[in-house]
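Subject: Structure handover

Hello,

Here is the structure I promised to pass on. Please open it first, then read my notes below with it on your screen.

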Amino acid sequence: MAAWWFVGPALIVLGVFFFVPVIGALLMSLTDFDLYALSDWRNLRFIGLHNYATLLQDPLFWKSLWNTLYFVVLGVPLSIGASLGAALLVNSKLGRFRSFFRTVYFAPVVTTLVAVAVVWRYIFHTRYGFLNYGLSGLGIDPIDWMGDPHWAMPAIVILAVWKNFGYNMIILLAALQNIPEDLYEAARIDGASGWQVFRHITIPGIAPVLLLVSILTMTGYFQLFAEPYVMTEGGPLQSTLSVLYFMYEEGFKWWSLGRASAVAFLLFVLMFLVTAFQLRLGRQRGDR
Amino acid sequence: MKRRGPAVVVNLLLIIGAVLTAFPLLWMLSVSFMPTGAASSYPPPLLPAEPTLDNYRQLFANHNAGRYMLNSAIVASLATVIALVLNTMAGYAFAKLRFKGRERIFQTLLGALVIPAQVTMIPLFALVKEMGLISTYGGVIVPSLASVFGIFLIRQYALSLPDELLEAARIDGASEGKIFWSLVVPLLQPILVTLAILTFLATWNDFMWPLIVLTDQKLHTLPVALAGLSREHVQDNELMMAGAVITVLPVLALFLALQRYYIAGILAGSVKG
């Protein structure tokens, strides 16, 4: 009996502020919930799948979906690659001051996204930004990062990779340290090259963790919002309009809350399907 | 004799990586001390020629930075304290107390981890409005008061507490409440620090929900205020850098002080999958 006093408060809070809204989102997406309904619930009308039908015909929604997928497809492999590279470096016994480097690499993770987006917006500045200055040293002409529809999303990917690689690095580092030392010892005695060791011992040793961090990173990246909000306001030419940004504008700029709920639900379904697909792929690989 | 080539390469790469990673943050700090317009020159200056605190003075005098900082501190502290109490009680109960449906409820909670918080945001807005909590501290913190992840974190740690210890206290006639506060909580101390810092940083850095729910500018948290300011003052880079510094510095300092606990939390979280 006493146990319910312990779990009760947390369960009530989760119920009211999480589970009820999840069901609420599904129900709201079937209505024309707008500013009038917000002030008086009697103005609410049930419209079935109308929101979903109009969304799927809205070119801007598709645009936001492609932009988000582009961000995920470009950003996730780059992030995981950077994380793995950093983890291997920090794990290498040849390195000195390794815990110092680990802390430096991790620092961007704890920073405030809005603040570092403001900083990076300036690093990407066409004339005075440091990135173009660095590139000019390599003989590359200035890029209009925030103003060119082709470059705005890659710029956001650069920020995201910088901000996030430390997180997965920590998880991969723990996985690397779990690989038994005698496996490496045996490979060395057999005269395996560095690449062979990496390919046949390191990668299989961390494969399950690699799959896990890919899925976590991917679901995080589907929720792209603050970067375009601060850096590009979804532009130029809507090239950085993400699904969540689209939802935010539908909901809190145009007050089509029913339609915005439908957007949120479609995003959730998409994330769920992609995650399930990845898990399945990972399991098949594991079986072989 | 050992070959030195690989060691040089590894250390060189470590240094290059660190320079690239730290550069944006160091440059942010440096530009924040430059007078207005000084950073807009080519090539971009690395260090301020004449360091000044003007940007910070202007932030606090003309742009209400003190108020926003206080808002952020209140919101993050309130959320942390309440989340700590609720999640710890629930996590402990899921680990050590027996009640009907315990496993089923816990599995349901874990299953809910796949649902992103953004799905709840719009109905939550309507709900918070019904409760009259739009533009209040209460409205900002409601989604962070209890978390499945927090409950999970505490539960995993509490599982390792010895049952004999709790039984002995019960035989001595201690109430469940007393056992919790004077026996369990002290033993959970390391994981409580972890949960506290994770919650504090997450609420301090949070952006989308505060942006939606805080319609009154006086209650804006630092990230919301900074985003608004940076849209209005696109040209005023030095001021923006100072704003970024006061937003980032408190959490960065907190992380550096409690790094061990923070990383323990990340590792505990990654086993859940």
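Let me start in the middle. The largest nonpolar core has 163 residues. Those with the most contacts inside it are Val114(A), Ala117(A), Val119(A), Ala264(A) and Ala244(B). Helix 8 of chain A, residues 152-177, gives the most to this core, with 17 residues.

Look at Ala244(B) next. Leaving out residues up to four places away in sequence, Ala244(B) touches Ala115(A), Val118(A) and Val119(A) in chain A, plus Met28(B) and Leu226(B) in chain B.

Please keep in mind that this is a predicted model.

How far can you trust it?

The predictor gives the complex an ipTM of 0.92 and a pTM of 0.93. Chain A has a mean pLDDT of 92, and 99% of its residues reach 70 or more. Within chain A, confidence is lowest in helix 2 (residues 35-39), at a mean of 85. Confidence in chain A is highest in helix 4, at 96. Chain B averages a pLDDT of 91, and 97% of the residues score at least 70. Among the elements of chain B, helix 14 (residues 259-270) has the lowest mean pLDDT, 85. Helix 3 of chain B (residues 65-96) has the highest, 96.

Chain A as a whole

How many helices and strands does chain A have? The count is 13 helices and 0 strands. The C-alpha trace of chain A spans about 75 × 65 × 40 Å along its principal axes. Chain A has 288 residues, and buried residues make up 41% of them. Now take the contacts in chain A between residues at least 6 apart in sequence: 68% of these join residues at least 24 apart.

Where the chains meet

The contact takes 70 residues from chain A and 73 residues from chain B. On the side of chain A that touches chain B, the largest share comes from helix 1 (residues 2-28) of chain A, with 17 residues. That side of chain A has 58 nonpolar, 10 polar and 2 charged residues.

Helix 4 of chain A

Helix 4 of chain A has 33 residues. From its first C-alpha to its last it reaches 47 Å, close to the 48 Å expected at 1.5 Å a residue. Where does this helix have a kink? Find Gly75(A): a kink of about 25° lies there, shortly before the proline Pro77(A).

Helix 5 of chain A

Phe106(A) is found in helix 5 of chain A. Is Phe106(A) buried or exposed? Phe106(A) has 23 C-beta neighbours inside 10 Å, so it counts as buried. Beyond its neighbours within four places in sequence, Phe106(A) is in contact with Gly166(A) and Ile170(A). Phe106(A) and Phe124(A) are 18 residues apart along the chain, and their C-alpha atoms are separated by 22 Å.

Most residues other than glycine have a negative phi, and most peptide bonds are trans. The following places depart from that pattern.

- Gly235(A) to Pro236(A): this peptide bond is cis, with omega near -15°. Pro236(A) sits in the loop between helix 11 (226-231) and helix 12 (243-252) of chain A.
- Gln238(A): this residue is not a glycine, yet has a positive phi of about 60°. Gln238(A) also lies in the loop between helix 11 and helix 12 of chain A. Gln238(A) counts as partly exposed because it has 18 C-beta neighbours inside 10 Å.
- Phe97(A): here phi is positive, about 50°, although the residue is not a glycine. Phe97(A) is in the loop between helix 4 (59-91) and helix 5 (98-110) of chain A. With 13 C-beta neighbours inside 10 Å, Phe97(A) counts as partly exposed.
- Tyr42(B) to Pro43(B): this peptide bond is cis, with omega near -5°. Pro43(B) is found in the loop between helix 1 (5-32) and helix 2 (54-62) of chain B.

If you have time for one stop, visit the loop between helix 11 and helix 12 of chain A. That loop holds Pro236(A).

Best wishes

Key
Residues are numbered from 1 along each chain as its sequence is written. Chains are lettered from A and ligands numbered from 1 in the order in which they are written. This is a predicted model: local features need pLDDT of at least 70, side-chain atom pairs count only at pLDDT 80 or more; totals for chains, interfaces and linings use all residues. Two residues are in contact if their C-beta atoms, placed from the backbone, lie within 7 Å. Helices (H or I, at least four residues) and strands (E, at least two) are DSSP runs, numbered from the N terminus. Ala, Val, Leu, Ile, Met, Phe, Trp, Tyr, Cys and Pro count as nonpolar, Asp, Glu, Lys and Arg as charged, and the others, Gly among them, as polar. A residue is buried if 20 or more other C-beta atoms lie within 10 Å of its own, exposed if 12 or fewer, and partly exposed in between; C-beta atoms are placed from the backbone. pLDDT is the predictor's confidence in each residue, from 0 to 100. The expected span of a helix is 1.5 Å times one less than its number of residues. The bend at a residue is the angle between axes fitted to the seven residues ending there and the seven starting there. A nonpolar core is a set of buried Ala, Val, Leu, Ile, Met, Phe, Trp, Tyr and Cys residues joined through C-beta atoms within 7 Å.
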